[in-house]
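Please look at the sequence and the structure shown here before reading on.

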There are 2 protein chains.
Amino acid sequence: MANQERGIIPRKVKGFRDIDTGLNQLRWKIINAASKIYKSYGFEHWDTPVLEYADAIGKYMPDEDTVDKGVYSFKNPEEEPVLDKVGQALRDSNGQAYMENAFVSMRYDLTAPLARIYSEKLLGKYQRHQLNQIKPDLFRRYQFGPVYRYEIKLTPGRFREFWQIDFDSVGTNDVAADAEICMVLSDALEAIGLKRHTYIVKMNNRKVLKGFLQSCGVIEEEQEQAILRVFDKLDKIGWEAMQLELGKGRVDSSGAEVAGLNLEESLIENIISFLRSFENAGTRKEVLTQLSANLSENEIAKEGLEELHKIDGILEVLGFDEERVIFDPTLIRGMAYYTGPVFEVESLQSYTDDKGKERKVGSICGGGRYDGLIENLLGLKVPATGASIGVDRLAELLKLTNQAPEKANGPVLIAFFDEDLSTEYQRIARELRTNGIETEIYYGFNKGFRKMKKQLKYADEKNCPLVILIGENEAEKGVATVKNLKLGKELADSISDKREWNSRVQKEVPLTDLADYIKSQLEV
Amino acid sequence: MANQERGIIPRKVKGFRDIDTGLNQLRWKIINAASKIYKSYGFEHWDTPVLEYADAIGKYMPDEDTVDKGVYSFKNPEEEPVLDKVGQALRDSNGQAYMENAFVSMRYDLTAPLARIYSEKLLGKYQRHQLNQIKPDLFRRYQFGPVYRYEIKLTPGRFREFWQIDFDSVGTNDVAADAEICMVLSDALEAIGLKRHTYIVKMNNRKVLKGFLQSCGVIEEEQEQAILRVFDKLDKIGWEAMQLELGKGRVDSSGAEVAGLNLEESLIENIISFLRSFENAGTRKEVLTQLSANLSENEIAKEGLEELHKIDGILEVLGFDEERVIFDPTLIRGMAYYTGPVFEVESLQSYTDDKGKERKVGSICGGGRYDGLIENLLGLKVPATGASIGVDRLAELLKLTNQAPEKANGPVLIAFFDEDLSTEYQRIARELRTNGIETEIYYGFNKGFRKMKKQLKYADEKNCPLVILIGENEAEKGVATVKNLKLGKELADSISDKREWNSRVQKEVPLTDLADYIKSQLEV
């Protein structure tokens, strides 16, 4: 590299992207609508840092020397003391603290930081040895913002930075809070603009699955988790491949070998026939009846069924029938930490991709009950439940299915003709703004660059509805020419005569009437 | 460390903090009000990644092996090709690309990423060799979000993560855009709630300073920058210390030696007397007259003065007099990249600190013209100007000076008495929400933890205005007891009789009238 010079190239880190004004409009429509619904249920708005200690968000175990893959992590540039189990510095025999550069991670979701906040708050209030006697506080918050995944292979449309908006109830084991999650998700999606019947909230209970597997003889946690991970692929790989992965394994479409779990044939058959029996599951009550018939003997399954019964009862009274919420015993949700009810919202819409292929949108929200997550940090069991809307994912859905709102109007643009009128442009702009009209003055690079064509192109790209033209002549007469770009585009096809088009699209307006005229044009 | 076990302690990375609902309320009040003003001037909302290549935001020079201190940086976990000056991979004699783990940085401001966006957009549109012939596009955007500084010593109230909201015009050398910045800042601060006369927008022009220093014989860029850095400390260290630092140096209050610039005595005297002559600067016009008298001989100073004249003219016509915008020839603003007008908003308010000492709030916004920043990335001179409001800084100011809005109402809380009424609570909550009333049902941990005292404490901490109590008796009668916590607090001092207090604060309301009653109570 000795003789070659490196350069500084303006570029983004792989997997990151800029968000333009159109996409921001969509993103904030989603965030504002969802926030309002979350707030109406009593969730408070909190925020946490983008950067966290990897261990404090559960992604770095002391006995390993690397962070979980998929988490965007670094070594912190400063050395800090290594802490013991009660947060004191670990010291050598001379009393010197052990120092290290700790792993820090860009947060990979908003749930782990919530567990960290809650645990930290509790430790601020109580001594560690008091924890086993206390009554965990109830804490309900919502949060939105970017989360990060360190994905090596990035397929189109996948990013390392994307936004989520979460809501959670920490400190309650009442499954009414889980029923509420279905309502919040449904209300939020409809507030965002999704029509009923274009999405469905699906719910299951991990306890039912756990109970079923127990009744088949699967007792060990590890084996259970392995089986659930295979179940979770059903939507992607289909029944046959799933059956193979429970058994001897398979070769996937890329030619790669996928190891199987090598379960016994009879167990696999049991599992598959259980799951398939819910392929065309009926109403929530029918699902519950069918589950009860199969699982009435197992304690943990029974507990799960009782919870689902209570949830169904609440949803029924509030009018949330199967148009909005169904029970789906095949639903898993990937995370290992879920312990009870799990949720997913599936979009029922499809779109045509670049290659003309019909594609399903798939999952747009997910969540579940995680009664063990805080225990990892605190040694105290604190039940919790919550869900997340994938903001960027949903924005993508709205665009793909042509439900995104039209690009919002840009400002009214005052074209720049004459340096001597600079102050007059400013005066007019201010008057319009005072009348509630967003108004920009075109500040071209310099005189040579202020061609009218360039200014109109700028207005067009910015979706400006109107352009105000004031040259020397207009200024002397005390008028402005107002050009209606929006109308101009609409009429462009139907009117071929340039003069007629001009007379419809352009109007000379006295400066004294300008604000009123502009307002009337914007209201059309 | 062999025998000692390390722990996983729930904690934040040093210098980071959580934002609770009260602070979020303030933060978003600022962001929403400022965004609305920025938008009314035609700035579009853009967003950029939190993580950037250090070199692409100008903080890592190829011939150095470390990033500027103060920038929170890491080595990216993946190896990528080293690029040459046109963005091609650098290769060895065998054609193998040189690979490296590039430095990535948490963005330290929103201006550098803007320069990166703009340069990237231009390179997407044109070939590199075409750049010297093109007319740079006009691009006006606003952006808000967290920025990061890697500060080793953190004083109270300083954080490594804090929010800014910026607006910039790229591609214009018209100083009308700089005059506009004063107006935008003033309008935004007043929209946020600052009263006139509690802040002042200060403006200077680097060209005037540069011209003055030239007229004193300071020609070299390096020496000029060194002198400006000392000027910039004036507010902090005062005249005497500044004079010493221009000369032989000094020992600061901590006993540390501060090296001096060793300028000649006559030059130092010239500089000090120039700056001091503006200590009690008058109107903008008086400042301009005084500057002209001193600097009419120097070309660059004259150019700067003409710009200030034009800016003054615009501000005058629009009614922005010295109540809002002054010219301050002693204003520097730290950044080396400023080339023309610079801005600062100083809060004129003070507050009493923990130790009872009266303190000034100081600077809350800053900005300036940076005609050379994009040139570093693109080799093309693109003039640009903009400013930034320190969101968290301003939030702090509003709190310190008791101008923060009262903590917003929490939701109406439905207390939890009876498991059998669970569904009824849900029904009532939904009815209230349908009537636009934010309503939460208390989901206590479990029965033993649902003591009324705990529920009322929860309502109090969450600033709930009303609590709805429905036990078995109320349910049978079809009524609810509504307790007005807000009124209760107000009456607590004036009414000592418990029965009278209760009769004023609590009311039994038929469930059929509940929504209307609650609304009437919330309106009081």
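This is a predicted model: local features need pLDDT of at least 70, side-chain atom pairs count only at pLDDT 80 or more; totals for chains, interfaces and linings use all residues.

Residues are numbered from 1 along each chain as its sequence is written, and chains are lettered from A in the order in which they are written.

| Property of chain A | Value |
|---|---|
| Radius of gyration (over C-alpha atoms) | 30 Å |
| Span of the C-alpha trace along the principal axes | about 90 × 70 × 55 Å |
| Buried residues (20 or more other C-beta atoms within 10 Å of their own, C-beta atoms being placed from the backbone) | 42% of 524 |

A compact globule of 524 residues would have a radius of gyration near 24 Å, by the rule of 2.2 Å times the number of residues to the power 0.38.

Chain A can be laid on chain B with an RMSD of 0.0 Å by a turn of 180° and a shift of 0.0 Å along the axis, the superposition being by least squares on the C-alpha atoms of residues with pLDDT of at least 70 in both. That is the relation of a two-fold axis. Of the residues of chain A, Phe74(A) comes closest to this rotation axis, with its C-alpha at 3.1 Å. Because 99% of the interface residues of chain A are also interface residues in chain B, the copies meet through the same surface.

Note on methods:
Two residues are in contact if their C-beta atoms, placed from the backbone, lie within 7 Å. A residue is buried if 20 or more other C-beta atoms lie within 10 Å of its own, exposed if 12 or fewer, and partly exposed in between; C-beta atoms are placed from the backbone.
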